[in-house]
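Please look over the sequence and the structure before reading on.

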Amino acid sequence: MILATLSTNKAFGGVQGVYRHESRETGTVMTFAVYVPDHAPGERLPVLWYLSGLTCTHANVMEKGEYRAACAASRIIFVAPDTSPRGEGVPDDAEGRYDFGLGAGFYVDATQAPFAQHYRMRSYIERELPTLVAAEFPVDMRRQGITGHSMGGHGALTIGLRNADRFRSVSAFSPIVAPSQVPWGHKALGGYLGDDKAAWAEHDAVSLIEQGARVPDLLVDQGDADQFLEEQLKTHLLEEACLRAGQKATIRMQPGYDHSYYFISTFMAEHVRWHAERLK
């Protein structure tokens, strides 16, 4: 894989870069962001993956997430992929709505036409991009954490639960915890995977926990003024599933916070430090 550098900027002693490559999994050009703190030659650092939400690209958290100072202090690399394949010939929602198609890959490998050819975000995030990052950046792949927001929180939880041997730490902001039970999930999982709801279970954090998946610990922050809380996010379902299963979890309802990056940026440094403690 040939990596092209689109931009680099010094920040908090490290380097914030944006990169592009041709993806085998999606069959498209993919763009992602990486922040690398200052480090000694030959030193390898832990890595925190951040998965973004509906309509977002790598740029949203890079410009609004306020993670760099915390990553520099904790000496942790921060990787922010895109949320879907993009480009000419990549199918989108037929009605142009924001919650399906471009910007809304839901971190699954689609099996339904016309999406199956390009919408392979699960394989891209779980296999292809980590291989590229390991080859091109000073990461210690034995020390990985994952987090994300909204649809990306769903991705972080499900990818973390399915790959507990790889991720030492898993957290989320405002995640879609049970896509099998909410409108966003019905549309995305049905459109990408078809009507067989058994196939949806491995993309549903609540279902995975109910089926026995475990991680050492979870941290979830959710604003109680989030406009999507009651219909789409249903945080209480995750809390109840963790209690029933004995899954260690800290699930915090934050008074007055909504679904925006004002919320995420408020608690981002705390999440970075939480991951860093577990990635020592």
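The notes below begin with the overall fold and continue with the pocket, the aromatic rings and the backbone.

The model described here is predicted. The protein contains nine helices and nine strands. Its radius of gyration is 17 Å, close to the 19 Å that the globule rule gives for 280 residues, so the protein is as compact as a globular protein of that length.

**Overall dimensions and burial**

- Of the 280 residues in the protein, 60% are buried.

**The largest pocket**

- Rolling a probe the size of a water molecule over the atoms shows where empty space is left.
- The largest pocket has a volume of about 210 Å³.
- It is lined by 16 residues, and those closest to the centre of the pocket are L54, T55, H149, F228 and H259.
- Sorted by class, the lining of the largest pocket consists of six nonpolar, eight polar and two charged residues.

**Aromatic pairs**

- Across the whole structure, a search finds 16 aromatic pairs.
- One of the aromatic pairs is formed by Y19 and F32; this pair is tilted, at 5.9 Å centre to centre and with 35° between the planes.
- Y19 belongs to strand β2 (residues 14–22) and F32 to strand β3 (residues 29–36), so their pair ties together parts that are 13 residues apart in sequence.
- Y19 has a relative accessible area of 8% and is therefore buried, because buried means under 20%.
- F32 is also a buried residue, with a relative accessibility of 0%.
- The pair of Y67 and F78 is stacked, because the ring centres lie 3.8 Å apart and the planes are at 5°.
- Y67 is in the loop between α1 (58–64) and α2 (68–74), while F78 is in strand β5 (residues 77–80), so this pair ties together parts that are eleven residues apart in sequence.
- Y67 is buried at a relative accessible area of 1%, and F78 is buried at 0%.

**A ring cluster and a charge over a ring**

- Y35, Y50, Y67 and F78 are linked into a cluster by ring pairs.
- Above the ring of Y67 sits the charged end of R68, 4.9 Å from the ring centre.

**Backbone features**

- Most residues other than glycine have a negative phi, and most peptide bonds are trans.
- The peptide bond from A113 to P114 is cis, with omega near 0°.
- P114 is located in the loop between β5 and α3 (121–136).
- T55 is not a glycine, yet its phi is positive, near 75°.
- With a relative accessible area of 48%, T55 is partly exposed.
- E66, likewise a residue that is not a glycine, has a positive phi of about 55°.
- E66 lies in the loop between α1 and α2, and Y67 is found in that loop as well.
- E66 has a relative accessible area of 57% and is therefore exposed, because exposed means over 50%.

Note on methods
Residues are numbered from 1 along each chain as its sequence is written. This is a predicted model: local features need pLDDT of at least 70, side-chain atom pairs count only at pLDDT 80 or more; totals for chains, interfaces and linings use all residues. Side-chain values use heavy atoms; hydrogens and water are left out. On a 1 Å grid over the protein atoms alone, a cavity is a set of points where a 1.4 Å probe fits but cannot get out, and a pocket is an open set with protein on both sides within 12 Å along at least five of seven lines; lining residues have an atom within 4 Å of a point. Grid points are joined across faces, edges and corners, and a volume is the space filled by probe spheres set on the points. Ala, Val, Leu, Ile, Met, Phe, Trp, Tyr, Cys and Pro count as nonpolar, Asp, Glu, Lys and Arg as charged, and the others, Gly among them, as polar. Rings of Phe, Tyr and Trp (its six-membered ring) pair if their centres lie within 6.5 Å; planes under 30 degrees apart count as stacked, over 60 as edge-to-face and the rest as tilted. Helices (H or I, at least four residues) and strands (E, at least two) are DSSP runs, numbered from the N terminus. Buried means under 20% relative accessible area, exposed over 50%, partly exposed in between (1.4 Å probe, protein chains only). A charge sits over a ring if NZ of Lys or CZ of Arg is within 6 Å of the ring centre and within 35 degrees of the ring normal. The radius of gyration is taken over C-alpha atoms; the globule rule is 2.2 Å times the number of residues to the power 0.38.
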